[in-house]
Amino acid sequence: MRTPIVAANWKMHKTAGEAVGYFRRLLELVAPQPKVELVVFPPATLLSLAKKHLEGSPIGWGAQNAYPEPQGAFTGEVSVVQVADLGARYLICGHSERRHIFGEGDELIGRKVRAALDTGLVPILCVGELLEERQAGRAWEVVERQLSTALADVFLPSPERLVVAYEPVWAIGTGVPARPEDAQGMAARIRKWLEGRFGKPGRAIRIQYGGSVKPENAREFLGLPDIDGALVGGASLDPDKFWAIAQAALT
Ligand code: PEP
């Protein structure tokens with residue numbers, strides 16, 4: 001049984017005051033024991049506020065990014081240990097904006113995945129192809145390369161310790177989601193690949209879809225057999241919309 005996981009990626013949005021308002025509203029909305037796992041990814045500057053307001057609630061929090069060394073001379077970076085120290089449970093690794101704006105490659109993303117696991121965090125490994133790669137019929141080739149490099153040398157103690165987010169780059173922040181049948185097709189191939197890599201337990205690794213998910217279309221994705229949740233950007237900035245998306249995972 002894979003519990004759906006719906007995550008709010010705030011990207012570089014919200015001040016401290018706005019974050020507190022968001023946490024208060026989301027806590028009002030969320031049922032005491034929702035059958036969907038909710039995780040909020042604020043910017044690193046707001047992680048301590050997430051801990052203060054969400055600790056002991058059903059809502060988890062995680063970091064959008066972290067450097068894979070525990071400490072050191074890496075000016076401007078925040079380490080996996082530092083985010084874990086603020087109660088983060090999850091770490092997004094290889095988001096398309098990290099790959100395509102900041103030039104992160106598969107090797108570095110793999111180091112982040114391993115560092116997250118070593119630190120007790122659960123990596124959410126984002127994979128997904130560019131539009132031209134899809135149009136050239138290379139979507140699976142790209143996703144498979146991203147999976148196999150990032151998950152090389154990974155020891156996974158149990159399937160709950162990893163989440164994979166399929167996020168076609170052309171669907172992120174564009175308002176144009178993937179077709180549900182394409183998202184399902186890719187998720188099924190990812191699940192088969194995970195089984196090949198990790199054996200039968202690999203089938204229990206949760207797979208999210210991300211890319212222009214909103215309350216109006218969430219049900220189309222969250223009802224698919226191989227999709228176990230959503231990674232949501234724009235629509236997650238409003239706690240009511242985020243909760244409406246999460247509810248779609250329950251029906
Ligand atoms: C994302 O940031 O991972 C994302 C999917 O963004 P959006 O929902 O805005 O497309």
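Predicted model: local features only at pLDDT ≥ 70, side-chain atom pairs only at ≥ 80, totals over all residues.
Leaving aside neighbours within four places in sequence, Arg206 is in contact with Arg2, Thr3, Pro4, Ile5, Glu37, Tyr90, Leu162, Val163, Val164 and Asp228. Arg206 belongs to strand E7, and its relative accessibility of 9% places it among the buried residues. Two polar partners can be named for its side chain. A polar atom of that side chain lies 2.9 Å from the backbone oxygen of Thr3, and the side chain also makes a polar contact with the side chain of Tyr90, at 3.3 Å.

Strand E7 also holds Tyr209, which is buried at 1% relative accessibility. The side chain of Tyr209 reaches two backbone atoms: the nitrogen of Ala178 at 2.9 Å and the oxygen of Gly211 at 2.8 Å. Neighbours within four places in sequence aside, Tyr209 is in contact with Tyr166, Pro168, Ala171, Pro177, Ala178, Ala183, Phe221, Ile227, Gly229, Ala230 and Leu231. In sequence Tyr209 and Cys126 are 83 residues apart, yet their C-alpha atoms are 9.5 Å apart in space.

A disulfide is a covalent bond between the sulfur atoms of two cysteines. How many disulfides does a search of the whole structure find? The search returns 0. The sulfur of Cys126 has its closest cysteine sulfur in Cys93, at 8.0 Å, and is therefore too far away for a bond; the cut-off for a disulfide is 2.5 Å between the two sulfur atoms. Cys93 is buried, with a relative accessible area of 0%, and Cys126 counts as buried at 2%.

Attention now turns to helix H7, which spans residues 139-150 and includes Gln146. Is Gln146 buried or exposed? With a relative accessibility of 3%, Gln146 counts as buried. Its side chain reaches the backbone nitrogen of Gly128 at 2.8 Å. Residues up to four places away in sequence not counted, Gln146 touches Arg99, Asp106, Val127 and Gly128.

Helix H7 also packs against another helix. Two packed helices are described by the angle between their axes and the distance between the axes. For H7 and helix H8 (residues 180-198), the axes come within 11 Å and cross at roughly 35 degrees, and the crossing is right-handed. On the H7 side the meeting residues are Ala139, Trp140, Val143, Glu144, Leu147 and Ser148, while H8 brings Met186, Arg189, Ile190 and Trp193. By class, the residues of this contact comprise 7 nonpolar, 1 polar and 2 charged.

H1 contributes Tyr22, Arg25, Leu26 and Leu29 to the contact, and H10 contributes Pro239, Asp240, Phe242 and Trp243. These residues divide into 6 nonpolar, no polar and 2 charged.

Which residues of H10 are buried? They are Pro239, Phe242, Trp243, Ile245, Ala246 and Ala248. The buried residues of H10 pack against strand E1 (5-9), H1, strand E2 (37-41), helix H9 (218-222) and strand E8 (229-232). At the start of H10, a side-chain oxygen of Asp238 comes to within 2.8 Å of the backbone nitrogen of Asp240.

Most residues other than glycine have a negative phi, and most peptide bonds are trans. Asp153, although not a glycine, has a positive phi of about 65 degrees. Asp153 is found in the loop between H7 and strand E6 (163-166), where it counts as exposed at 67% relative accessibility. Ser212, likewise not a glycine, has a positive phi of about 60 degrees. Ser212 lies in the loop between strand E7 (206-210) and H9, and with a relative accessible area of 15% Ser212 is buried.

Notes:
Residues numbered from 1 in each chain as written. Heavy atoms only, no water. Contact = heavy atoms within 4.5 Å. Helix = DSSP H or I, 4+ residues; strand = E, 2+ residues; numbered from the N terminus. Nonpolar A, V, L, I, M, F, W, Y, C, P; charged D, E, K, R; others polar. Buried < 20%, exposed > 50% of the residue type's maximum accessible area, 1.4 Å probe, protein only. Polar contact = N/O pair within 3.5 Å; in protein donor to acceptor, adjacent residues only side chain to side chain. Axes fitted to C-alpha atoms, helices over the stretch in contact; angles between N-to-C directions. Left-handed = near helix turned anticlockwise from the far one by under 90°.
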